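I opened my notebook on a new structure today.

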Amino acid sequence: MNHSLPSADSNAVLRPDPWYRRALGDGTTIIVVILAVLMVIFAATQSDALSAMVLTDILNNSLPLALAAAGGTLVVLTRGFDLSVAGVVSLTNVLVAVHGGSGPWGALEGAAIAMAAGALVGAINGYLVAYWNLQSIALTLATMIVCSGVTLLILDAPGGDVSDFMTYAMTDRIGHLVPVALVIAGVAYAIWRVLRRTDWGVGLYATGADETAAVLAGVKVKRVKLIAYMLAGVCYGLAGFMLTALTSTGTPNAGEPYLLLVFAAIALGGTSFSGGRGGVAGSLLGALTLTLLQKVLFSTGVSSFYTGIFQGVVMIAAVVVAVFFARVSTRGEIHA
Amino acid sequence: MTQTPLTGGRPADTRDGKTPTGFLGRLDRDLRTAIALLAISFVLIAASRVLGPNFGSFAQMKAILVISSFLMVVAFGQQMVILLGGLDLSVASMMTLGGVLAFKWIGGSDSAVLWGVPAILAITAALGACSGIGVSLVKIPPFIMTLAMGVILYGVTLGFTQGTPTGQPSAALSALFARTALGTPILYLMVLGTAAGCFMQMRTSFGRKVYALGTNPTAAYVAGLPVHRLAIATYAMSGASAGLAGILMLGYVRGVTLTLGQSYLLPSVAAVVIGGTSIVGGRGNYLGAAAGAILLTTLSTIVSSLGIAEGWRTIIYGAVIFVALVLLRDDLALLIRRSGFRSKKQP
């Protein structure tokens, strides 16, 4: 909460902080700046950087990670860790590749299967964490292992039959202008904005900020957590679905790199790991930044041996800057 | 007056007027957890007898203990960090770095062990200390700091080996794993190491301060504990443990790959958590983590020798971890008592 100190004047009004102060403290601003810087470097080093094809390509490549990061954000906001993202993404990737139909209705079918599977895993996670008080990191680790086992049962080597509609239309642009990936991300974000204003959304932030206070204030913390994990599972399912469209195949361990990348994206986006601060927008942008970073490193000719170092440095730098600015912006805050 | 425990915290010690009875009930909770885990491991090994004459034997038990030494060493450092309320995701890369450096420096020459091992431990400790500085002074969340450190270290290792580690196996290190008439040396070292680790945690002032810092950082700061130095030292310890595990790995496998540490990252966290250490810090004992490491190694060894599809093996592995988590719940006892009271509750 940002408010300035009331003056001695009896007509004192509590005014929100000026916009630049609030912008500094909001983690999303940091990631937008980093993204802008990366785009500039990218445009400078690659001739066709700003062409529609390249931009669409970047958006397509970052969409699975972005959706998974959006789901992970919901759990991180409750002060939990959801490691099952890797398992669910692999599982839904394989499910859609094996059971998805053809044409637009087939794609819809695939999406429904993916989201249902994700919701199921999420419900199990959420129930056990919220109602049985198991530690989220350990439980979701176990769930991830079981999911990857189930994935291997369905498909033990890369394969599956992905319809042409998914491979081409879903990675294309609508009317040669707007990439489908951008539309999907936009719809997901819009849904989040609506959910954020519901009782659940408010309860989500309350639970993460101070769970005891939330319980005492009457927030149904257990239900909030359960719904958070379920929605996260749905997001992971969707991410796996988009991954199938992107790679046009089902791979049993497709989700493995997502485990750490998702949390990197969440951190880059300014969501606090101690809960209660941040949001989906930052994570979506964080995922885009990570994908763009890989492309920039490639286009500037950095040897692939060293990309890891740059990714790590960028992650640390982003978080340091975010923490620094968060502290700067809350200096005028009154603490109870 | 019946008090419903708040959903947020875990009811640590529910005293409802009944003192625990029996030998097992009176033991410290951490000791009980460790014994339970070792018992499950024992049962698993005994049950694996059905798989063949080589299974379920004393020799197999010793072999499993030897293999679990690496995870036990890594779990030590990981547990120290988790006690502090943090997490160390760089152990995989530290382990790989330790193995690669050992391959290069210690391999081929026995005398090199004398300066090589301390040097590698110092390097990995210093790198761990960097993570500690980032977490404690710069206030970067441990998840991110250690994740980034791990990624950076992997890149550095990849870079200077150019993809292929060079060196030679070390006879001195391999001797630790040789089966001699008196037994395998590493097993004695493991027992000594476990005892030393537990002693350090419970009896030295450093260990007690770490527990204090993990339980309540604000109170620890106000009480005047050197919070930054403690954190840096703990992360350094974690780095050094991972490095040591990498060095030992060279002795066992006689070669290194760039992915040797990868399969130890998540199991190290799992072993610590199953062993009864709370992820938010302040509670838990190395005995539990060591027992957890032994259980996980036993499980993966036995499961991988089952002649069934890899998918089912993975599911079984995950399911057993899951069951262990559920059985080791803190409030299990409370739940059992409450379910007994439910029929008497007033509407």
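First, a term I need: buried area is the accessible area, taken with a 1.4 Å probe, that two parts lose on being put together, summed over both. I keep in mind that this is a predicted model.

Entry one, the interface. How much area is buried between chain A and chain B? I get about 3800 Å², and carbon and sulfur atoms give 82% of that. I then looked up who takes part: 44 residues come from chain A and 44 residues from chain B.

I searched for salt bridges across the interface of chain A and chain B, and the rule finds zero.

Which elements give two or more residues to it? I noted α6 (136-154), α10 (211-216), α11 (221-247), α12 (258-268) and α14 (307-329) of chain A. α6(A) gives the most, with 13 residues. Sorting this side of chain A by class, I find 34 nonpolar, seven polar and three charged residues.

I picked helix α8 (residues 185-203) and helix α13 (residues 286-304) of chain B, which pack at an angle of about 145 degrees with their axes 9 Å apart. From α8(B), the contact uses Thr194(B), Gly197(B), Cys198(B) and Gln201(B). From α13(B), I wrote down Tyr286(B), Leu287(B) and Ala290(B). By class, the residues of this contact are four nonpolar, three polar and no charged.

Technical notes:
Residues are numbered from 1 along each chain as its sequence is written. Chains are lettered from A and ligands numbered from 1 in the order in which they are written. This is a predicted model: local features need pLDDT of at least 70, side-chain atom pairs count only at pLDDT 80 or more; totals for chains, interfaces and linings use all residues. Side-chain values use heavy atoms; hydrogens and water are left out. Contact means heavy atoms within 4.5 Å. A salt bridge is a side-chain nitrogen of Lys or Arg within 4 Å of a carboxyl oxygen of Asp or Glu. Helices (H or I, at least four residues) and strands (E, at least two) are DSSP runs, numbered from the N terminus. Ala, Val, Leu, Ile, Met, Phe, Trp, Tyr, Cys and Pro count as nonpolar, Asp, Glu, Lys and Arg as charged, and the others, Gly among them, as polar. Axes are lines fitted to C-alpha atoms, for helices over the stretch in contact, and angles run from 0 to 180 degrees between N-to-C directions.
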